[in-house]
Amino acid sequence: MPISQKNKVNPDAEKIYQAWSTDPQRPRAGRFDWMRCSGTSEWQDYLVWCIDQWNEVFGTIDGAYIDELILDPNKNAVSGGGYTDYDGERRPTYSWLAERNLYKRMHYVIAKRNGNLPPWSIAHCSATSMMEILSPFTVFLTGEHLYSGYFPDDKNLNPPKGDPVERMYYYSYSLPMERVRGEFYHRQWGAVIAWLPCLKNQRDIMEHPTPTRDLMSRIMHADVIFWPLWCNKQEVYKVDEIRRQWNIGDPAVEFIPYWENKALVADAQDVIISYYDKNGEKLAIISNLARKNQEFDIVLPPTAQSVINAENGQALPVVNGKVKVNIKRNDFGMLIIK
């Protein structure tokens, strides 16, 4: 709920602050001043009414983009949060059942004015702190929590300071593959996962192909889609087109992540391979996660007859059941194997 925005002040903010707000409240930051509201308060009714009024103004809307789906602790009794412990201290509660009810109500009024079509909504929240309230949404937009502007001095998540070469490989430091597996893999939270690149505080390298391909060499192994902001969009569009032509949304297509892959084996260290399988044909993603260029062989399935570089259409020779590839450091290649 906005309290102020530049030179505008919400005249109702003080009155409703106690009735709707959470305790503790969000920190003040940025050009705007906002207050977090509890889903257990009348703010829920107000927000559903707002959604319905937007439908009234625009005729129909087909969904909603909801930012900051964060389940905040709340110990404000007036807004429906918290409890008093045996020692007399006020303790917080979390309103995830109320939040789920809020989003179901929002989607109900959207669908009601849109011919009862299922709403197409996007939930944006970094990390996985709001899984309990995600199921009403179509897409889960994540990745902003790895934005380097949030932790500029964290040595574990940033390239070595003062090294212009390593700076190009930001995500090779901030995004370990264990985090890809545990946090972003393949709709494990129900909704489709969309990845938000966040190099926006590094504009001189933001649209350079190398940092974008560094990111893609990792996150493509989670079978996500990309929200192409603050990156090199052409690299994203190129891969989008390859996956579209392969028709990865077809029910006959199965995604096999690298930790389950037994069909394609690389004879090099720090190389991982995931693939889409369509009736035996494969669209393979080969990533060189080493900090050096590598040339290596990939052992193919016995039935493989041909290999095509999906990015440039070039046919690669198959020799003794193997294909040789050369991939730059922290980069990837895509092969069509028939």
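# Reading the helices and strands of a predicted chain

Mentor: Of the 338 residues in the chain, buried residues make up 49%. The model is a predicted one. The chain holds 9 helices and 19 strands, and its C-alpha trace spans about 75 × 55 × 45 Å along the principal axes.

Trainee: Why does Phe332 count as buried?

Mentor: Buried means under 20% relative accessible area. Phe332 has 3% relative accessibility, so Phe332 counts as buried.

Trainee: Where is Phe332 placed, and what does Phe332 touch?

Mentor: Phe332 is in strand β19. Leaving out residues up to four places away in sequence, Phe332 touches Arg213, Met216, Ser217, Met220, Val239, Ile286, Ser287, Glu311 and Ile327.

Trainee: Which helices lie across β19?

Mentor: Helix α8 (residues 209-219) lies across β14 and β19, and runs at about 55° to β19. Helix α9 (residues 233-246) lies across β11, β13, β14 and β19, at about 20° to β19.

Trainee: What makes β11 and β17 edge strands?

Mentor: Start with the order of the open sheet, which has 6 strands paired in the antiparallel sense: β11-β13-β14-β19-β16-β17. β11 (253-256) and β17 (315-316) each have a single partner strand, so one side of each has no neighbour in the sheet.

Trainee: How do you know that β11 and β13 pair?

Mentor: Two strands pair if DSSP finds at least two bridges between them. β11 and strand β13 (residues 271-278) are joined by 4 bridges and run antiparallel. Glu254, for one, has Asp277 in β13 as its bridge partner.

Trainee: Which strands pair with β8 in the parallel sense?

Mentor: Strand β7 (residues 122-124) runs parallel to β8, joined by 3 bridges, and His124 has Leu141 in β8 as its bridge partner. β8 also pairs in the parallel sense with strand β9 (residues 192-195), over 4 bridges. There the bridge partner of Val139 is Val192.

Trainee: Are the residues of β8 buried or exposed?

Mentor: Buried, on either side. Val139 and Leu141 point one way from β8, Phe140 and Thr142 point the other way, and all are buried.

Trainee: Which residues of β18 form the covered face, and which the uncovered one?

Mentor: In strand β18 (residues 322-327), Val323, Val325 and Ile327 form the covered face, while Lys322, Lys324 and Asn326 form the uncovered one. β18 runs antiparallel to strand β15 (residues 294-299), with 6 bridges joining them; Ile327 is the bridge partner of Gln294.

Trainee: Why are α2 and α3 called roughly parallel?

Mentor: Angles under 35 degrees count as roughly parallel. Helix α2 (residues 43-58) and helix α3 (residues 96-112) pack at about 20°, their axes 9 Å apart. α2 and α3 are therefore roughly parallel to each other. The crossing of α2 past α3 is right-handed.

Trainee: Which residues meet where α2 contacts α3?

Mentor: From α2 come Trp43, Gln44, Asp45, Leu47, Val48, Ile51, Asp52 and Asn55, and from α3 come Ala98, Asn101, Leu102, Arg105, Met106, Val109 and Ile110. By class, this contact has 9 nonpolar, 3 polar and 3 charged residues.

Technical notes. Residues numbered from 1 in each chain as written. Predicted model: local features only at pLDDT ≥ 70, side-chain atom pairs only at ≥ 80, totals over all residues. Heavy atoms only, no water. Axes fitted to C-alpha atoms, helices over the stretch in contact; angles between N-to-C directions. Helix = DSSP H or I, 4+ residues; strand = E, 2+ residues; numbered from the N terminus. Parallel < 35°, antiparallel > 145°, perpendicular 65-115°, else oblique. Left-handed = near helix turned anticlockwise from the far one by under 90°. Contact = heavy atoms within 4.5 Å. Nonpolar A, V, L, I, M, F, W, Y, C, P; charged D, E, K, R; others polar. Buried < 20%, exposed > 50% of the residue type's maximum accessible area, 1.4 Å probe, protein only.
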